[in-house]
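Biologist: I am new to reading protein models. Could you walk me through this one?

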Amino acid sequence: MTSWIKSANALNCHFPIQNLPYGVFATGDEAARCGVAIGDMIVDLALLETAGLINAGGSAPVFDRPALNGFMGLGKTSWDSVREQLISLLVEGGNDALSSNDTLSTKALVPMNLAQMFLPFSVAEYTDFYSGRQHALNVGTMFRGPENALPPNWLHLPIGYNGRASTVIVSGTDIKRPVGQVKAPTDNTPSFKPCARLDIELEMGAVVGMPSEMGEPITVQQADDMIFGYVILNDWSARDIQAWEYQPLGPFQAKAFATSISPWVVTKAALAPFRVSTPPREKELLPYLNEPGPMLYDIDLEIYMRPEGTAHASKIARTNYKQMYFSAAQQLAHHAVSGCKMNTGDLLGSGTISGPERTQFGSLLELSWGGKDPLRLEGGETRSFIEDGDTLTLTGWAEGDGYRIGFGECTGKILPAPNFKG
């Protein structure tokens, strides 16, 4: 397929007609509304809905809102129908109701460089998992030794913790360095100070479209059916704060200050050709976690770091989402198995995605091996952890036959810590 929007046909374009990811945007003083990315343009879905060219099938308009939740809550029939309508309007030689109407197409196609992006959906709850085996092995080896790297339960279930939906932010939002309690092994008492070991975690985020009922477990297949799409996710981490606070209940303030996501939600339909199976199991899973088919995805991911004042970012890692030990569908099924109600707009972080080689590690903690072996960037700078003014960018795509299904960028810049005395 090619589109009459020529930029969508460019080599290595993240947003060809095969993708059509959803987001929320605004221009000037206009209200934020839903759109779809194609090439270097945003299709104004609210305008097309008003013009009668798009119908999601609900009882009221859903795209004139500053969040995708209303559309996501309509379910798979609506998701598939709108995708088909959009492809028909945007494909070369398709329905010319938009392409032949110069006045409407000029209004409905908004250049990306003129738009402000917002969180694509209202985040109901945020749960972060720890399902990357290589990451768990690396971190466990650093702190407990290789013989005790994986906790006893790790191969049996997707470990997770409840995070903070209130500080999930869209790509491009600056983040102040967190402050909190830290305690070095050589200190007798903790102190209050800015985080000195600030880190990223390269993850994918699964976006729940359809809810479940409290008290009702769901199967892995049902969980997969509930997922609307995926974003790139950066779970910013304060490693020194985390080291002091996390026993016995896990991360708290070290993870609560910011979680960045990419502005475009890539749908399962767009990712369908790139499904792959989770890896072979060392320990047989309990039946409720067994997958009926491939539910992971082959998505290449990269990390870039740019110190303040430098012209170019350095690529510091490249890995792939297929490295995960548990899929998002397994994570969601496990999350709900106790009877926990899942809601439209829930966000599930995959856990840090790391491959077996150092160049494939998904955090600075691993890339610098706990600060013992600093990274050297292209401009000659070295980094063990993130310094003020550094900008971190995560990006990724699935590689098709002559096209890419891309996620755009998930980026954030670190600002100095607030002037607060504890």
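This is a predicted model: local features need pLDDT of at least 70, side-chain atom pairs count only at pLDDT 80 or more; totals for chains, interfaces and linings use all residues.

Biologist: How much space lies in the largest pocket?
Modeller: Take a 1 Å grid over the protein atoms alone; a pocket is an open set of points where a 1.4 Å probe fits, with protein on both sides within 12 Å along at least five of seven lines. Points are joined across faces, edges and corners, and the volume is the space filled by probe spheres set on them. For the largest pocket that gives about 990 Å³.

Biologist: Which residues lie nearest the centre of the largest pocket?
Modeller: Lining residues have an atom within 4 Å of a point. Helices (H or I, at least four residues) and strands (E, at least two) are DSSP runs, numbered from the N terminus. The lining has 37 residues, and helix H5 (133-144) and helix H7 (239-245) are among the elements that give two or more. Nearest the centre lie Val-139, Phe-143, Gln-242, Tyr-246 and Pro-251.

Biologist: How many charged residues are in the lining of the largest pocket?
Modeller: Ala, Val, Leu, Ile, Met, Phe, Trp, Tyr, Cys and Pro count as nonpolar; Asp, Glu, Lys and Arg as charged; the others, Gly among them, as polar. The lining has 17 nonpolar and nine polar residues. The charged ones number 11.

Biologist: How much space lies in the second largest pocket?
Modeller: Its lining includes His-14, Met-112 and Trp-264. By class, that lining divides into six nonpolar, four polar and one charged. The space is about 270 Å³.

Biologist: Which are the edge strands of the five-strand open sheet?
Modeller: Strands of a sheet pair through backbone hydrogen bonds, either parallel or antiparallel. Two strands pair if DSSP finds at least two bridges between them. Here the order is E9-E26-E25-E20-E21, with mixed pairing. Each edge strand pairs on one side only: E9 and E21.

Biologist: In E16, which residue is the bridge partner of Asn-234?
Modeller: Strand E14 (residues 227-234) has eight of its eight residues buried, meaning under 20% relative accessible area with a 1.4 Å probe, protein chains only. Seven bridges join E13 to E14, antiparallel, and Leu-202 stands opposite Asn-234. E14 also joins E16 by two bridges, antiparallel. There, the partner of Asn-234 is Ser-260.

Biologist: Why does Ser-314 count as buried?
Modeller: Ser-314 lies in strand E21. A polar atom of its side chain lies 2.9 Å from the backbone nitrogen of Glu-378. Ser-314 counts as buried because its relative accessibility is 4%.

Biologist: How far apart in space are Ile-42 and Arg-306?
Modeller: Ile-42 sits in strand E3 (residues 41-44) and is buried, with a relative accessible area of 0%. Leaving aside neighbours within four places in sequence, its contacts (heavy atoms within 4.5 Å) include Phe-25, Val-110 and Trp-264. Ile-42 and Arg-306 are 264 residues apart in sequence. C-alpha to C-alpha, they are apart in space by 27 Å.

Definitions and conventions:
Residues are numbered from 1 along each chain as its sequence is written. Side-chain values use heavy atoms; hydrogens and water are left out. Buried means under 20% relative accessible area, exposed over 50%, partly exposed in between (1.4 Å probe, protein chains only). A polar contact is a pair of N or O atoms within 3.5 Å; within protein, one must be able to donate a hydrogen and the other to accept it, and residues adjacent in sequence count only if both atoms are side-chain atoms.
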